[in-house]
Amino acid sequence: RGDPLVLGIETSCDETGIGIVRGTTLLANVISSSMEEHARFGGVVPEVAARAHLEALEPALRRALDEAGIALGDLDAVAVTSGPGLSGALMVGVGAAKALAVALDKPFYAVNHLVGHVGADVLRTEGEPEIELPTIALLVSGGHTSLLHVRDLTSDVELLGETIDDAAGEAFDKVARLLGLPYPGGPQIDRVAADGDPTAVRFPRGLTLPKDLERHRYDFSFSGLKTAVARHVEKLRDAGLEVPVADIAASFREAVADVLTAKAIAACSDRGVPRLLLGGGVAANARVRALAAERAAAAGVELRIPPLSLCTDNGAMIAALAAQLIMAGREPSGLAVSADSTLP
Ligand code: KG4
Ligand code: ZN
């Protein structure tokens, strides 16, 4: 078939992602993470991330070409995340993508990282059903917590709400640190929480009170929750009591999963959209997945969660979105387009 062969480059945070797709078929998805270099700082350090992208890009590109069994010259287009994300990190990817596009004399597509997360779901292996639109999408990672109404991937994506303070993954990372667990905290909390009682402590559910719902029906807030956990732990320590890490982790995880899934399912009902797509690293969370499945089933909503390698930041989703743009006949981006850390 004549589907476009597209290279996707993702460098918005700490993952250097190089993906190659042909239309909706995934050919390669190479991810090189600088996570370990940030671990001792307890969070992603922008300068360190940018430098790591510079070092990782070329080897990752070579591996992806190998995996896909193609040469650079075979590509029909080069795509890149232009934002949102860390400014310096984005610039590395955008510079590399432009250089490749110019050198290969191929069209250049700059795309939005968040829409890319939704784009991941068009990548199907044989036998799986195609993505159906419209869909509600909940994107939850260390950098974002956004609820989208997607009617058309290439032209109609509505932002319903987002976090007004910390991202969900960021809350996991901060609470993990507070409990003495290593970075990244999400998987650690998930592991520890498995042995805890989720009803041990009733932590606050941000922006769910009737007065909040008026203005922030689809928005999220996790900083109050993080503070509540901190205060709870502090009180126990001050009283010389042991901190029941598993119970606190489970209770915290429950609060996050409760709010995320309640708001996402509410959006499905309000908008009359019987489909929900999860993306971002927090979509790996066992409780988020279980509660989403439970509530989706109860509401008659079809739940889709792409494989984890396509849920977390990666280049394949960027290539997939660009392939959609090309197949929809959209013009390439001009080379004047640059990294935009605050892209809406
Ligand atoms: O999508 P991602 O790989 O990168 C971006 O932040 O964009 O997401 C990473 C985030 C981190 O905050 C990490 O703690 C969180 O996703 N995460 C999890 C789990 N696995 C990763 N959070 C909760 N439960 C998990 N199992
Ligand atoms: Zn992301």
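Residues are numbered from 1 along each chain as its sequence is written, and chains are lettered from A and ligands numbered from 1 in the order in which they are written. Because the model is predicted, local features need pLDDT of at least 70 and side-chain atom pairs count only at pLDDT 80 or more, while totals for chains, interfaces and linings use all residues.

**Stop 1: the two domains**

Select residues 5-123 together with 311-327 for domain 1, and colour residues 135-305 separately as domain 2. These bounds come from an automatic or database domain assignment. The centres of domain 1 and domain 2, taken over C-alpha atoms, are separated by 27 Å. Where they meet, domain 1 contributes 19 residues to the contact and domain 2 contributes 24 residues; two residues are in contact if their C-beta atoms, placed from the backbone, lie within 7 Å.

Next, highlight α1 (35-39), α4 (113-119) and α12 (316-327), each of which supplies at least two residues of the side of domain 1 that touches domain 2. Helices (H or I, at least four residues) and strands (E, at least two) are DSSP runs, numbered from the N terminus. Helix α4 gives the largest share of that side, 5 residues. By residue type, this side of domain 1 consists of 10 nonpolar, 8 polar and 1 charged. Here Ala, Val, Leu, Ile, Met, Phe, Trp, Tyr, Cys and Pro count as nonpolar, Asp, Glu, Lys and Arg as charged, and the others, Gly among them, as polar.

**Stop 2**

An unreviewed UniProt entry places the feature "binding site" at L139, V140, S141, G142, G143, D173, G186, D190 and N285. UniProt positions are given in the numbering used here, feature names are shortened, and annotations may be inferred rather than shown by experiment.

**Stop 3**

Select G142, which sits in the loop between β6 (135-140) and β7 (145-152). G142 is buried, with 27 other C-beta atoms within 10 Å. A residue is buried if 20 or more other C-beta atoms lie within 10 Å of its own, exposed if 12 or fewer, and partly exposed in between, with C-beta atoms placed from the backbone. Leaving aside neighbours within four places in sequence, G142 is in contact with C13, A167, G169, E170, D173 and G281.

**Stop 4**

Display α6, where 7 of its 9 residues are buried. These are G185, G186, Q188, I189, D190, V192 and A193, and they pack against α5, α9 (245-271) and α10 (286-299). Step back to P184, in the loop between α5 and α6. The peptide bond from Y183 to P184 is cis, with omega near -5°.

**Stop 5**

Move to P134, in the loop between α4 and β6. The peptide bond from L133 to P134 is cis, with omega near 0°. Most residues other than glycine have a negative phi, and most peptide bonds are trans.

D105 has a positive phi, near 55°, and lies in the loop between α3 (87-104) and β5 (108-112). With 7 C-beta neighbours inside 10 Å, D105 counts as exposed. L207 also has a positive phi near 55°, in the loop between α6 and α7 (210-216), but L207 counts as buried, with 22 C-beta neighbours inside 10 Å.

**Stop 6**

Finally, select β2 (residues 15-22) and β3 (residues 25-33), antiparallel strands joined by 8 bridges. Two strands pair if DSSP finds at least two bridges between them. I18 has V30 in β3 as its bridge partner. The hairpin has 2 residues between its strands, and G23 in the turn has a positive phi of about 60°.
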